[in-house]
Amino acid sequence: MGRTAIHRLRLSTGLILLAYVTTHLVNHALGNVSLRAMADGLIVQRWIWQGVIGTAALYGALIVHFLLGLRALYERRDYGWRLSEALQLVLGLLVPFLLMNHIFVTRIALTQFDILKGYPQELTSFWVKSPHLGVQQVAVLIVAWAHACLGVYFWLRIKPVFTRIAPWLTAVAVLLPVLALLGFFEAGRQVLDLVHDPAWRAANLAAWQTGTAAQNAILLTERNAAILVVGGMIIATLLLRILRDLREARGGSIRVTYPQGRSVRVPIGFSVLQASLAARVPHASLCGGRARCSTCRIRVIAGSGRIPAPSAGERAVLERVGAGPLVRLACQLRPEGDIRVVPLLPPHYSFEMMRRRSWPQSGEERFVVVLVADMRDSSRLAETRLPFDTVFVIDRFVNAVSTAVTEAGGRPNQFTGDGLLAVFGLNAPPAEACRQAVLAVALIGRSVAALNQVLAAEMGMPIRFGLGVHGSNAVVGEVGLADTRVFTTLGDAANGASRMERLCKDYGCEAVISDAVCEASGLALDALPRHEVALRGRAAALVIRIVDRTEDMASLLALPPSRRLHRAPS
Ligand code: FES
């Protein structure tokens, strides 16, 4: 089973257990209303969790989740733990020990002896007969809830939605157990009073409800055996870890080399991320090696042994970030020979940076399409208008182009006074990037035409502009100081697009698009005339397409009419 499937299994079983714990806590919280409300809530709980499906889901999830926890304990190297991850694992491993008594005196008692216990019986046990079991019950609630909350945090922290929902989740994470504990104490207080009432005792504490001494002795023996089995499994896992470490130490080693000549020798079987952690080489790894965040990605510069192909899970993550062929996830790549790598993201990369940004932070080579837009006559505008008016018009133009680019799926990147450079394909495959760029040309035409209508009375003449569009492999990434880093695109795409924008003047047109982009877009663009041009600095001629009026592109592409993009200036 691949790592992605295991991750999904762990997540789905964890969510089932979270649902169970949540309904349990809600039921306890009803104790703040009355003992009767708790008993009524229990009817709903039983309906959910004591039917065939509920029982199978609950106990299946409990067993599988525990086994996956043991697997994580086996797999994880000592130096790879963050404190929160270690805490989650320890809390998770504590749950079976704390929960075992409750399982045997309720669910197993029901299955084995038909003893149907509810809140009166359990609360009498916790508050009257065996207070230490009450303390244990409170402990298991807190431990299981904390383990689940950490799991949810690890799951959601890399999602863009996390910042928005985090305050709500925190409120639920704190309030629910507090209400549940208050309900537990309030109901316990009521039971302490009721237990002196002979009629209540007769109605609630009969042998068929609490079990006979013989039945309880059997359940106790079984519980102890189950605790021994669970404890034995944990000890066996720890022993297997020791055996693995010994085996790896004897199985040969490889050398992993980083930039600036730093290198580390690690046993064969280590991932590159494990090698980094072992050697204390700073290495971003936000998801803790779970093949989810992609922040550990590296470029493989050279390798002397077999470099295993990426698994389906790793491939999916790499495709999602549009990684090039030599890029791998350090947490997944286990080289079989010496290897030289370059980590691609800065080691201080944070969750906040990951949620906010969707482009590569360090240099990555990928196919992008660049669109360069320039407003014509801005110098003349500055000579004939007040500075405020000039800035106002240029601002409206840049806004119109940026809005159209964003609407098409691109990213406005650099603003150059009266123009801008936009990039397509940072999160899309090449054909989609080309399609988005062509679509942007049409939307810019429509958008500036709408702007011209709005400004017609003031300007006296329409805004004129030129667009150049070209695509190629380019190096994309951030440059600059830590707090003033800017995203940039280096390569033929930006240079070509800039030269094509200037060609608009020669052809008296509004846009020049490279033929390769038009072809790759898959759009019906045969009506655009082709030309072959020689661009300065290029050995081979380049085929381009001419767009006289970008406004006409909308009908050429059969775009549906869209809402007006501009309001009249106020
Ligand atoms: S550490 Fe997150 S994908 Fe490797």
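Helix 3 passes helix 10 in a right-handed crossing; a crossing is right-handed if the near helix is turned clockwise from the far one by less than a right angle, and left-handed if anticlockwise. The structure is a predicted model, in which local features need pLDDT of at least 70, side-chain atom pairs count only at pLDDT 80 or more, and totals for chains, interfaces and linings use all residues. Residues are numbered from 1 along each chain as its sequence is written, and side-chain values use heavy atoms, with hydrogens and water left out. Helices (H or I, at least four residues) and strands (E, at least two) are DSSP runs numbered from the N terminus.

**Helix 3 and helix 10**

- The axes of helix 3 (residues 52-75) and helix 10 (residues 213-250) cross at roughly 30° and come within 9 Å of each other. Axes are lines fitted to C-alpha atoms, for helices over the stretch in contact, and angles between N-to-C directions run from 0 to 180 degrees.
- The two helices, helix 3 and helix 10, are therefore roughly parallel to each other. Angles under 35 degrees count as roughly parallel, over 145 as roughly antiparallel, 65 to 115 as roughly perpendicular and the rest as oblique.
- On the side of helix 3, the contact involves Phe66, Leu67, Leu70, Leu73, Tyr74 and Glu75. Their counterparts in helix 10 are Val230, Met233, Ile234, Thr237, Leu238, Leu240, Arg241, Arg244 and Arg247. Contact means heavy atoms within 4.5 Å.
- By class, the residues of this contact between helix 3 and helix 10 comprise 10 nonpolar, one polar and four charged. Here Ala, Val, Leu, Ile, Met, Phe, Trp, Tyr, Cys and Pro count as nonpolar, Asp, Glu, Lys and Arg as charged, and the others, Gly among them, as polar.

**Helix 4 and helix 6**

- Helix 4 (residues 83-113) packs with helix 6 (residues 131-156) at an angle of about 145°, and their axes are 8 Å apart.
- The crossing of helix 4 past helix 6 is left-handed.
- The residues in the contact of helix 4 with helix 6 fall into 15 nonpolar, nine polar and one charged.
- His147 belongs to helix 6 and is buried, its relative accessible area being 17%. Buried means under 20% relative accessible area, exposed over 50%, and partly exposed in between (1.4 Å probe, protein chains only).
- Apart from neighbours within four places in sequence, His147 is in contact with His65, Gln88, Leu91 and Gly92.

**The sheet**

- Five strands form an open sheet with the order 2-1-5-3-4 and mixed pairing. Strands of a sheet pair through backbone hydrogen bonds, either parallel or antiparallel. Two strands pair if DSSP finds at least two bridges between them.
- Strand 1 and strand 2 are antiparallel and share five bridges; Ser253 has Pro267 in strand 2 as its bridge partner.
- Strand 1 (residues 253-257) runs parallel to strand 5 (residues 339-343), to which two bridges join it. Thr257 stands opposite Arg340 in strand 5.
- Strand 3 and strand 5 run antiparallel and are joined by five bridges, with Gly303 opposite Ile339 in strand 5.
- Strand 3 (residues 297-303) is also antiparallel to strand 4, through three bridges; there Arg297 stands opposite Leu329 in strand 4.

**Positive phi angles**

- Most residues other than glycine have a negative phi.
- Asp114 is not a glycine, yet has a positive phi of about 60°. Asp114 is placed in the loop between helix 4 and helix 5 (119-129) and is exposed, with a relative accessible area of 63%.
- Ser294, likewise not a glycine, has a positive phi of about 70°. Ser294 is placed in the loop between helix 11 (272-278) and strand 3 and is buried, at a relative accessible area of 5%.
- Gln260 takes a positive phi near 65° in the hairpin of strand 1 and strand 2, where five residues lie between the strands.

- Glu407 lies in helix 15 (residues 387-408) and is partly exposed, with a relative accessible area of 35%.
- A distance of 60 Å separates the C-alpha atoms of Glu407 and Gly188, which are 219 residues apart along the chain.
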